[in-house]
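Subject: A structure to look through

Dear colleague,

I am handing over a structure and would be glad if you read it alongside the notes that follow.

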Amino acid sequence: MNDTPDESTGAPADLLVHDAALVATCDDQRREISGGWVAVTGGFISAIGGAADPPPAARERIDARGCLVTPGLINTHHHMYQNLTRSYAPALRGGLFDWLTTLYPLWARLDEHGAYLSAWVGLAELALGGCTTSTDHLYVHPRGAGDLIAAEIGAATELGMRFHPTRGSMSLGESDGGLPPDEVCQSPEEILEDSERLIAAHHDRSPNAMVRIALAPCSPFSVSTELMTATAELAERLDVRLHTHLAEDPGEDGFCLEMFGMRPVDYFEHCGWGSDRSWIAHGVQPNPAEIARLGSWGTGVAHCPSSNLLLGVGLAPVRELRDAGVPVGLGVDGSASTDSASMWTEARNALLVGRLRDGQRHLSAEQGLDSGRTGDGNDNSGLADSVYFSARDVLDVATRGSAGCLGRAGEIGELAAGACGDLVVWELSGPAFAGALSDPIEAWLRCGPLSARDTIVAGRPVVSGGQIVHPSLDERLAEHRLCAAAMQRA
């Protein structure tokens, strides 16, 4: 079972995680190795084995007895700057559009220091929840705020997190019929110029890249058609990925029909985004035909169950999306719609929502309600052979599916020789796990709550023994509190 690309040198590995109760590889064969171990050398996984395979010598060792070892979880959608207004009470009065219009004036106060602190704290929070790679969709760029994306990258570099910031943008302000105030919008020319600058300065195409840039106009209700189209053309020319919100809220359908004369997915294709270069946030509302189109394009979907629950926008058709060939990843979203940025919590909610939706679909079929589209916009056909969503399904979404969204399948999201050395050790002990003996993966997600014991990125610990390794956490939290208070002042 020992899986290693080169055993001839005899050189010690940099890190060995050994004697795990179970290693869930999430590789092409979905191997699960009892008593397993994982070796990391030069930032890449150099070997994997089981209890019968002698592990290599290593400079550093992590004892994983009694623990589950998984690939690092990958966050495919976030707005880290929003943790500066976490659970902001005056915004808790309505749906998505109401919340955004309340918060936009506060976010107009964002600057480089705020972007740095929110990213630092946000990435630390993610690491504690077992995340090793995160995107961020920063689409508020107030005039004179400075280089917000570079500030975020600086925070990720300090912590040692793998980071995919997206150069978000808004160009359709209130005066042009959009949702955001004009002061947080930019012209298409400014946005495209800065996008090209950031890619030249920070985008790393190497297999172990710690930073990659994507382009991310915010949404159909905050960006002009001109910018959507030009951004797709720029991404094609520079070979980078595309991200935006799409099909999240029922109100988006009406907006797109009124503004553009077409539904959101039609508009997405009209602007040149229907490709495997793109991944969208939420994807709650597509109908069966639109799901098939997303699958034919290979466009990914960032599933954000907690956000969808809090906003009440519906149950995303995750099973149908995956069955159609859509790469479905997991995202925590930002504090405009959910206030916990734990990938474990998001994974658990994905399990619960998936099982709820499966149960509703089975009930509808049994009652003869197979109309082809239920009240939440989802196809009821073919339920007889359906299997309820499982913890393994969710782990696959949070690892391999997320890697597919980011265009990094085979690089991250799995434990296999040659993949990046990103992994998590989960301790399955204590009262919450008493009696959970039959299946470590189901126990991992159904028991808890749970934080990562060790979060390893490129072979280096970001979390060790349940604590952030970087010594400045308390200092950053104090600074963040002052920054948040300033942003929220009356």
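In which strand does H282 lie? H282 belongs to strand β13 (residues 278–282), where helices (H or I, at least four residues) and strands (E, at least two) are DSSP runs numbered from the N terminus. Please keep in mind that this is a predicted model, in which local features need pLDDT of at least 70 and side-chain atom pairs count only at pLDDT 80 or more, while totals for chains, interfaces and linings use all residues. Residues are numbered from 1 along each chain as its sequence is written, and side-chain values use heavy atoms, with hydrogens and water left out.

**Backbone**

Most residues other than glycine have a negative phi, and most peptide bonds are trans. H282 has a positive phi, near 90°, and with a relative accessibility of 1% H282 counts as buried (buried is under 20% relative accessible area, exposed over 50%, and partly exposed in between, with a 1.4 Å probe and protein chains only). R30 also has a positive phi, near 55°, but R30 sits in the loop between β2 (22–24) and β3 (32–34) and is partly exposed, at a relative accessible area of 40%. A cis peptide bond, with omega about 10°, joins G448 to P449, and P449 is found in the loop between α13 (440–446) and β17 (454–457).

**Nonpolar cores**

A nonpolar core is a set of buried Ala, Val, Leu, Ile, Met, Phe, Trp, Tyr and Cys residues joined through side-chain atoms within 4.5 Å. The largest one here has 119 residues, and W107, Y139, W426 and W444 have the most contacts inside it. Helix α2 (residues 112–128) gives the most to this core, contributing nine residues. A second, separate core has 18 residues, among them L15, V23, I45 and C67. Beyond its neighbours within four places in sequence, Y139 is in contact (heavy atoms within 4.5 Å) with residues including H79, Y104, W107, M170 and H245.

**A helix pair**

The axes of α2 and helix α3 (residues 148–159) come within 8 Å and cross at roughly 35°, where axes are lines fitted to C-alpha atoms, for helices over the stretch in contact, and angles run from 0 to 180 degrees between N-to-C directions. Among the residues that make this contact are A115, W120 and L123 of α2 and L148, A151 and L159 of α3.

With best wishes
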